[in-house]
Amino acid sequence: MRAAVWVPLFDELADPSVVARLAATAEEAGWDGLFVWDHLWWREPVEAVGDPCVTLAAVACATERLRIGPMVTPVARRRPAKLLRETAALDVLSRGRLTLGVGLGSDRFAGEFSRSGEAVDDRVRAEQLDESLQILTAGWSGEPVVHRGRHHRVDDVRFLPRPAQGSVPIWVAGFPGKRRPLRRATRYDGFFPVNLASPDELAAATGQLRAAFDQGGRLPTGFDVVVALEPHVDPRPYEDAGATWCLTDLDPATLRLADVRALVEAGPQR
C-alpha cells in the first residue's frame, strides 16, 4: 500500500511555496504522493485558504516522483472546459503524475455552494459531475469534443496539449454503502470511501466493487482503493481489507505547519 500526505490548504498551508517545500521534504522522506484539499473557504477558526491548482503547480515544479492531485474536487462548481485545461496542464507540468479526485462536495461544512449561488441539491450536482467527467475524458483524448447536455455544452472543440499520461486517472469519492458513487467509480480508476468507520466497512465496500466488476472476485489491474486515516491509526488492517493508498487525515481545526512538517519528515508507516 502506498502512502500520501493529504493536507488542507488552510492558514499556514495557504501559501503555495510552503506546500511546495513540504512536498520536496515528503519526497525525500519516502512518501509516494501529496494531495491537497479543494475549497474556496472554510469555517472558523480557519481564515486563509489556498488555491489547489496554483499550489499543485508549485508542487509539480518542486518534486520529481510524487503523485499529486486535488482530493477531492467538487466538480459541480467547476466549469468542465476550464478544469480540462487545468488538469492537462498540471499533468504536462508534472510529467504524468496527476490524479484527479472527484466528488459531489458538501454544503454543510462552510456553505460553499449556497453562499456562491451553486446548486445545493445532491442530485443536480451528481448530474453535473457525470456530465463534466464525460467532457474531461473526451477532451483528454485530443479528439474533437461535442457535448450537449442538460448542464454543459461543448461544440466541436479540441483540447491540446493532451495530458502526459494520455489521460488523467480519476478517483471517485463517496460514502461507503452508497451505490451511486460506487457505480460511478467502476467507470474510472479508483474509489475513495470517505468517513470510514472501520476496516470491516472498507472490506464491505471493496466486496461491492469486486461484485460490480464481475472479474472473478478481483478488482481490475491498476484500480485503486483509497483510505484516509489519522496518523496514529495502523494502516495494515485497511490494506488487508483492500486499500492500495493511505492518505493522512489531518484535522483542519488544529492544523499547525510545524506538526505537519514533523509528520512528513518522519516518513510513512509501512
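At 15% relative accessibility, E86 counts as buried (buried means under 20% relative accessible area, exposed over 50%, partly exposed in between, with a 1.4 Å probe and protein chains only). This is a predicted model: local features need pLDDT of at least 70, side-chain atom pairs count only at pLDDT 80 or more, and totals for chains, interfaces and linings use all residues. Residues are numbered from 1 along each chain as its sequence is written, and side-chain values use heavy atoms, with hydrogens and water left out.

E86 forms a salt bridge with R78, with the closest N and O atoms 2.2 Å apart. A salt bridge is a side-chain nitrogen of Lys or Arg within 4 Å of a carboxyl oxygen of Asp or Glu. R78 is buried, as is E86. E86 also forms a salt bridge with K82; here the closest N and O atoms are 2.7 Å apart. What separates E86 and K82 along the helix? They are four residues apart in helix α3 (residues 80-93), so about one helical turn lies between them. Helices (H or I, at least four residues) and strands (E, at least two) are DSSP runs, numbered from the N terminus.

## A pair in α4

R125 and D122 also meet through their side chains, in a salt bridge of 2.9 Å, N to O. Both lie in helix α4 (residues 122-140), three residues apart, about one turn of the helix. R125 is buried, at 1% relative accessibility. D122 is partly exposed, with a relative accessible area of 45%.

Salt bridges that share partners join D38, R77, R78, K82, E86 and E112 into one network. The whole structure holds 13 salt bridges.

## Where α3 meets α4

The axes of α3 and α4 come within 9 Å and cross at roughly 45°. Axes are lines fitted to C-alpha atoms, for helices over the stretch in contact, and angles run from 0 to 180 degrees between N-to-C directions. The contact (heavy atoms within 4.5 Å) involves P80, L83, L84, T87 and A88 of α3. From α4 come S132, I135, L136, G139 and W140.

## D224 in its strand

D224 lies in strand β10 (residues 224-229). D224 is buried, at 10% relative accessibility. Leaving aside neighbours within four places in sequence, D224 is in contact with several residues, including R2, W171, F191 and W245. T244 is also one of its contacts.
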